[in-house]
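Let's take a walk through this fold together. Have the coordinates open and follow along as we go.

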Amino acid sequence: MTDKLTFDQIDEIMDMLTGGELPHGMRMPDQPKLMRRQAFSIVWFLQEHTGIIPSHFEMCQVCEELYDSDRGGYWLDPSSEPDDWLTEIGVTPEIFKSAPEGGFCQHECEAKFWHRHIQTMSEATP
Ligand SMILES: [Zn+2]
């Protein structure tokens, strides 16, 4: 028995905060309708400050789905160096450092992120 919330419970909290479906039989007249990023910042606060939510539950930066980083996903740390795959798709060390720290639920999401980020960077420097 643990006091921490489960992945499914956090999914329910995210649904509640974003105006989604409530648990069966529950009604909430003033249910919030936050963006998923805003909702996740509440989850993040509960993780960092209260510890009732395990910190390995993350939200993907691209598709904004929750994932368990103990079971999968990728973490982007801009203070490290781009690996071979990133170099191959055109991520220079400079582009790499300009990326925000964050996580992705799957490889495809990370690829999408870099595709967009490279485009944004090349538009910023003509
Ligand atoms: Zn994703």
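Glutamate 64 counts as partly exposed because it has 16 C-beta neighbours inside 10 Å. The cut-offs behind that word are simple: with C-beta atoms placed from the backbone, a residue is buried if 20 or more other C-beta atoms lie within 10 Å of its own, exposed if 12 or fewer, and partly exposed in between. You'll find glutamate 64 in the loop between S1 and S2. Its phi is positive, at about 65 degrees, although glutamate 64 is not a glycine. For background, most residues other than glycine have a negative phi.

A word on what you're looking at. This is a predicted model, where local features need pLDDT of at least 70 and side-chain atom pairs count only at pLDDT 80 or more, while totals for chains, interfaces and linings use all residues. Residues are numbered from 1 along each chain as its sequence is written.

Now zoom out. The protein chain has 5 helices and 4 strands, with helices (H or I, at least four residues) and strands (E, at least two) taken as DSSP runs and numbered from the N terminus. Read from the N terminus on, the elements go α-α-β-β-β-α-α-β-α. Along the principal axes, the C-alpha atoms fill a box of roughly 55 × 35 × 25 Å. Of the 126 residues in the protein chain, 16% are buried.

How is the chain split into domains? The assignment gives domain 1 (1-55) and domain 2 (59-126), with bounds that come from an automatic or database domain assignment. Taken over C-alpha atoms, the centres of domain 1 and domain 2 are 26 Å apart. Where they meet, 7 residues of domain 1 are in contact with 4 residues of domain 2; a contact is a pair of residues whose C-beta atoms, placed from the backbone, lie within 7 Å. On the side of domain 1 that touches domain 2, the elements giving two or more residues are H1 and helix H2 (36-50). H1 gives the most to that side, with 4 residues. By type, the residues of that side of domain 1 are 4 nonpolar, no polar and 3 charged. Here Ala, Val, Leu, Ile, Met, Phe, Trp, Tyr, Cys and Pro count as nonpolar, Asp, Glu, Lys and Arg as charged, and the others, Gly among them, as polar.

Let's stay with H1 for a moment. Its residues Ile10, Met14 and Leu17 are buried. Looking down the axis of H1, you'd see its buried residues fall within an arc of 70 degrees, so they line one face of the helix; the arc is that of the directions from the helix axis to the C-beta atoms. Covering those buried residues of H1 are, among others, H2, strand S1 (57-59) and strand S2 (66-68). Aspartate 15 is also found in H1 (residues 7-17), but aspartate 15 counts as partly exposed because it has 15 C-beta neighbours inside 10 Å. Leaving aside its neighbours within four places in sequence, aspartate 15 is in contact with Gly20 and Glu21. H1 is followed by glycine 19, with a positive phi near 80 degrees.

At the other end of the chain sits helix H5 (residues 107-124), whose 18 residues reach 26 Å from first C-alpha to last, close to the 26 Å expected at 1.5 Å a residue. That expected span is 1.5 Å times one less than the number of residues. Cys109, Glu110, Phe113 and Trp114 are buried in H5. Down the axis of H5, its buried residues fall within an arc of 135 degrees, so they line one face of the helix. The face of H5 turned away from that buried side carries exposed residues, including His115, Arg116 and Gln119.

Finally, the core. The largest nonpolar core has 15 residues, and those with the most contacts inside it are Cys60, Phe104, Cys105 and Cys109. A nonpolar core here means a set of buried Ala, Val, Leu, Ile, Met, Phe, Trp, Tyr and Cys residues joined through C-beta atoms within 7 Å. H1, H2, S1 and H5 each supply at least two residues of this core. Domain 1 and domain 2 both give residues to this core, so it lies between them.

How values were computed
Contact = placed C-beta atoms within 7 Å.
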